[in-house]
Amino acid sequence: MDLLGSILKSMDKPPSVNEKQKAFIKKQQEEIQKRQKVEAEKLKIFRQKAEEKINKFLQDDNIKEYKFPAMDQIHRSIIHDIAEVASVLAYSFGEEGVDRYIMIFKREHAPSEDQLSTLRKGEEWNEEVAKRLKEERERKAKEEKEYANSRKRKENFVPNSFYKDKYQHLIGKEAALEAAKKTEANSSYGCVPSENKKDQRSIEQTLADIRAKKRRMEINNDTSNCSDNSTK
């Protein structure tokens with residue numbers, strides 16, 4: 001214990017805060033509180049002016065939307081809070097720390113998705129842009145509808161392979177049925193009945209018949225010549 005006590009006694013004690021340092025710290029704290037009070041008062045004034053601006057906006061039937069100047073996040077949060085209480089639509093656009101701003105809209109004149117998309121891109125919104133985007137959207141919807149109808153027709157397509165079904169509106173169902181029987185598909189000749197063919201022989205049969213006919217003609221000629229010689 002004596003060793004420990006001697007060690008503790010030999011250690012340096014923490015420096016004491018003199019009156020001058022105490023006064024300096026107190027002054028710093030007072031300055032911070034003063035600045036906080038000033039900032040709070042500025043925010044209070046900003047909120048009052050913003051409320052007046054939004055109330056005036058709501059009372060003017062000729063104004064559908066209003067754009068606030070670019071501001072930091074704290075001031076934008078105040079605008080959003082006021083807009084929510086006043087039942088006004090509020091949207092932020094622009095780049096944070098550069099040109100981020102708020103636009104408010106009356107609920108009966110809510111912005112379209114085209115308008116919001118255009119403003120989020122940092123582009124200007126006007127009647128010409130609205131017309132162009134509307135036409136593009138209608139054209140795209142028409143193309144999608146035509147494509148869907150085309151797919152539907154393709155899926156529901158049933159090939160009309162029966163003659164009677166194809167022409168019954170012209171020649172009558174019974175006549176079409178009879179015609180279909182007569183023109184029944186043939187595996188060798190398509191839709192023409194084989195019995196209607198003038199020559200149903202194969203090439204080999206035809207050549208053999210021609211050779212046989214030629215031999216018969218030669219025999220007949222020889223017989224005829226012999227008959228003539230015998231007569232003479």
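1. Basis of the note. This is a predicted model, in which local features need pLDDT of at least 70 and side-chain atom pairs count only at pLDDT 80 or more, whereas totals for chains, interfaces and linings use all residues. Residues are numbered from 1 along each chain as its sequence is written, and side-chain values use heavy atoms, with hydrogens and water left out.

2. Overall make-up. The protein chain has eight helices and three strands, where helices (H or I, at least four residues) and strands (E, at least two) are DSSP runs numbered from the N terminus. Read from the N terminus, the order of elements is α-α-β-α-β-β-α-α-α-α-α. Of the 232 residues in the protein chain, 12% are buried; buried means under 20% relative accessible area, exposed over 50%, and partly exposed in between, with a 1.4 Å probe and protein chains only. Among contacts (heavy atoms within 4.5 Å) with a separation of 6 or more, 41% join residues 24 or more positions apart.

3. The largest nonpolar core. A nonpolar core is taken here as a set of buried Ala, Val, Leu, Ile, Met, Phe, Trp, Tyr and Cys residues joined through side-chain atoms within 4.5 Å. The largest one has twelve residues, namely Ala50, Ile54, Phe57, Phe68, Met71, Ile78, Ile79, Ile82, Ala83, Val88, Ile102 and Ile104. Two or more residues each come from helix H2 (19-59), helix H3 (73-85) and strand E3 (101-105), and H3 gives the most, with four residues. In soluble globular proteins, nonpolar side chains tend to be buried together.

4. Ala83 and the second core. Apart from its neighbours within four places in sequence, Ala83 is in contact with Ile54, Val88 and Ala90. There is also a second, separate core of seven residues, including Leu89, Phe93, Met103 and Phe105.

5. Helix H3. With 13 residues, H3 reaches 19 Å from its first C-alpha to its last, close to the 18 Å expected at 1.5 Å a residue, the expected span being 1.5 Å times one less than the number of residues. Arg76, Ile78, Ile79, Ile82 and Ala83 are buried in H3. Seen down the axis of H3, these buried residues fall within an arc of 155°, so they line one face of the helix; the arc is that of the directions from the helix axis to the C-beta atoms. Gln73, Ile74, Glu84 and Val85 are exposed on the other side of H3, while the cover over its buried residues includes H2, strand E2 (89-93) and E3.

6. The two ends of H3. At the start of H3, a side-chain oxygen of Asp72 reaches to within 3.4 Å of the backbone nitrogen of Ile74. Beyond the other end, Ser87 is found in the loop between H3 and E2, and its phi is near 60°, a positive value in a residue other than glycine. Ser87 counts as partly exposed because its relative accessibility is 39%.

7. Helix H4. Which residues of H4 are buried? They are Gln115, Leu116, Thr118 and Leu119, and they cover an arc of only 165° around the axis, which puts them on the same side of H4. Glu113 and Arg120 are exposed on the other side of H4. The buried residues of H4 pack against strand E1 (65-67), E2, E3 and helix H5 (127-156). Just after H4, Gly122 takes a positive phi of about 80°.

8. Leu119 lies in helix H4 (residues 113-120) and counts as buried because its relative accessibility is 9%. Leu119 and Phe93 are 26 residues apart in sequence, yet 6.7 Å apart in space from C-alpha to C-alpha. Leaving aside neighbours within four places in sequence, the contacts of Leu119 are Phe93, Tyr101, Met103 and Trp125. Thr118, at 5% relative accessibility, also counts as buried, and with the neighbours within four places in sequence left aside, Thr118 is in contact with Glu123, Glu124, Trp125, Val129 and Leu133.

9. The annotated region. An unreviewed UniProt entry places the feature "coiled-coil region" at residues 126-153; UniProt positions are given in the numbering used here, feature names are shortened, and annotations may be inferred rather than shown by experiment. In the model, residues 126-153 are 96% helix and 0% strand, with the end C-alpha atoms 41 Å apart.

Key: Polar contact = N/O pair within 3.5 Å; in protein donor to acceptor, adjacent residues only side chain to side chain.
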